[in-house]
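Keep the sequence and the model side by side. The paragraphs below move through the fold one part at a time.

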Amino acid sequence: LDDALVGQPLCPGCFDYAGAVLWNASVGELWRRTTITIQRQLARLAGLPVRQLASVVRLAFTRVAEYQARGLVHVHAVLRLDAAPSPAQPDACLPPPSTFTARLLADAVRAAVPRVAAPVPAPDTDTAGSVGWGPQLDIRAIPDTEDTPEGANGVAGYVAKYATKSSDGKGALDHRLRTADEIAELDVNDHLRRLVSTAWILGGRPHLAELRLRAWAHTLGFRGHWASRSRRYSTTLKALRLARQAWHRRHAAPSDTATAHVGQWRYLGRGHRTAGDAWLAATAGQNARQARELSRLDLAVAA
């Protein structure tokens with residue numbers, strides 16, 4: 001089988017392109033409902049009222065969305081149970097009570113996933129149906145080790161691997177589309193092109209306006225970021241930036257040059273100072289646009 005054909009339907013006319021796009025658009029809401037249902041099942045298995053669970057343990061997670069070759073999204077997630085924060089240590093990350101084991105969490109996930117459903121609109125009418133997860137569910141416990149494929153470092157590499165994946169392998173769908181004419185110029189196979197086109201068409205239907213499918217046509221209808229996490233799963237990007245800045249300050253080479261710290265700013269204006277500067281900028285922009293258009297035409301002729 002030609003690798004270029006992997007993921008493409010044997011019968012394009014039988015493939016539900018509208019359903020695929022609407023599935024991708026529903027994954028975010030489906031995952032949100034999944035985390036809620038996992039906590040409800042966890043409380044049931046632990047013999048606790050749902051409201052009391054939050055005072056005992058807290059569910060933390062990181063979630064990565066991956067595109068399959070056929071253009072549909074599925075989810076990889078790392079789930080963890082932490083002890084509920086105390087007023088004295090609101091930011092502490094402590095192990096949960098001994099009764100909340102990895103096996104208990106896995107059982108809660110197995111019980112929750114088949115029960116979860118999210119609303120999805122019909123492509124042609126304003127009636128609504130529902131979507132849920134498929135039967136494939138692979139749950140693995142993460143051992144308390146680091147330098148093993150199953151340990152912390154292995155999991156970090158596993159999640160990072162999917163950060164590099166997009167809806168196509170060439171990067172042709174790495175930006176939003178401005179017009180429908182751009183779809184014909186995309187360097188993708190016919191299957192992905194039809195998914196993009198379907199998202200664009202559905203995005204023009206009034207009852208689907210809230211999904212903003214034209215804005216997300218380049219992601220085949222999937223809305224949002226490829227990765228999300230619970231608030232206290234790990235450190236924040238701000239904390240990482242501050243730590244990096246502090247490290248550079250500590251390791252910076254000494255310099256005799258005095259550093260001026262500017263603490264006041266004032267607004268001077270915007271735009272070009274002269275008509276000549278404005279003309280040069282406009283000309284440069286026009287040349288850049290023409291160069292991009294010529295590149296697209298060359299690619300189309302080469303194809």
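**A loop, a sheet and a helix pair**

Leucine 220 has a relative accessibility of 0%, so it counts as buried. Buried means under 20% relative accessible area, exposed means over 50%, and partly exposed lies in between, with a 1.4 Å probe and protein chains only. This is a predicted model: local features need pLDDT of at least 70, side-chain atom pairs count only at pLDDT 80 or more, and totals for chains, interfaces and linings use all residues. Residues are numbered from 1 along each chain as its sequence is written, and side-chain values use heavy atoms, with hydrogens and water left out.

Stay with leucine 220. It sits in the loop between α6 and β5. Helices (H or I, at least four residues) and strands (E, at least two) are DSSP runs, numbered from the N terminus. The phi of leucine 220 is positive, about 60°, although the residue is not a glycine. Arginine 212 lies in the loop between α6 and β5 too. Its phi is near 50°, again a positive value in a residue other than glycine. Is arginine 212 buried or partly exposed? Its relative accessibility is 45%, so it counts as partly exposed.

Now look at tryptophan 216, also placed in the loop between α6 and β5. Its relative accessible area is 16%, so tryptophan 216 is buried. Which residue lies over the face of tryptophan 216? Arginine 176 does, at 4.5 Å from the ring centre. A charge sits over a ring if NZ of Lys or CZ of Arg is within 6 Å of the ring centre and within 35 degrees of the ring normal. Arginine 176 and tryptophan 216 are 40 residues apart in sequence. In space, their C-alpha atoms are 6.9 Å apart.

Next come the ring contacts. The structure holds 4 aromatic pairs. Rings of Phe, Tyr and Trp (its six-membered ring) pair if their centres lie within 6.5 Å; planes under 30 degrees apart count as stacked, over 60 as edge-to-face and the rest as tilted. One of the pairs joins tyrosine 67 and phenylalanine 222: the ring centres are 6.4 Å apart and the planes stand at 85°, so the pair is edge-to-face. Tyrosine 67 belongs to strand β1 (residues 57-67), and phenylalanine 222 to the loop between α6 (190-203) and β5 (227-229), so the pair ties together parts 155 residues apart in sequence. Tyrosine 67 and phenylalanine 222 are both buried.

Alanine 65 has valine 75 as its bridge partner in β2. Over 11 bridges, β1 pairs with strand β2 (residues 73-83) in the antiparallel sense. Two strands pair if DSSP finds at least two bridges between them. The two strands form a hairpin with 5 residues between them. In the turn, glycine 71 has a positive phi of about 95°.

The open sheet has 3 strands in the order β2-β1-β5, with antiparallel pairing. β2 and β5 are the edge strands, each pairing on one side only.

Finish with two helices. Two packed helices are described by the angle between their axes and the distance between the axes. Helix α1 (residues 17-46) packs on helix α3 (residues 102-112) at about 125°, with the axes 8 Å apart. That angle makes α1 oblique to α3. Axes are lines fitted to C-alpha atoms, for helices over the stretch in contact, and angles run from 0 to 180 degrees between N-to-C directions. Angles under 35 degrees count as roughly parallel, over 145 as roughly antiparallel, 65 to 115 as roughly perpendicular and the rest as oblique.
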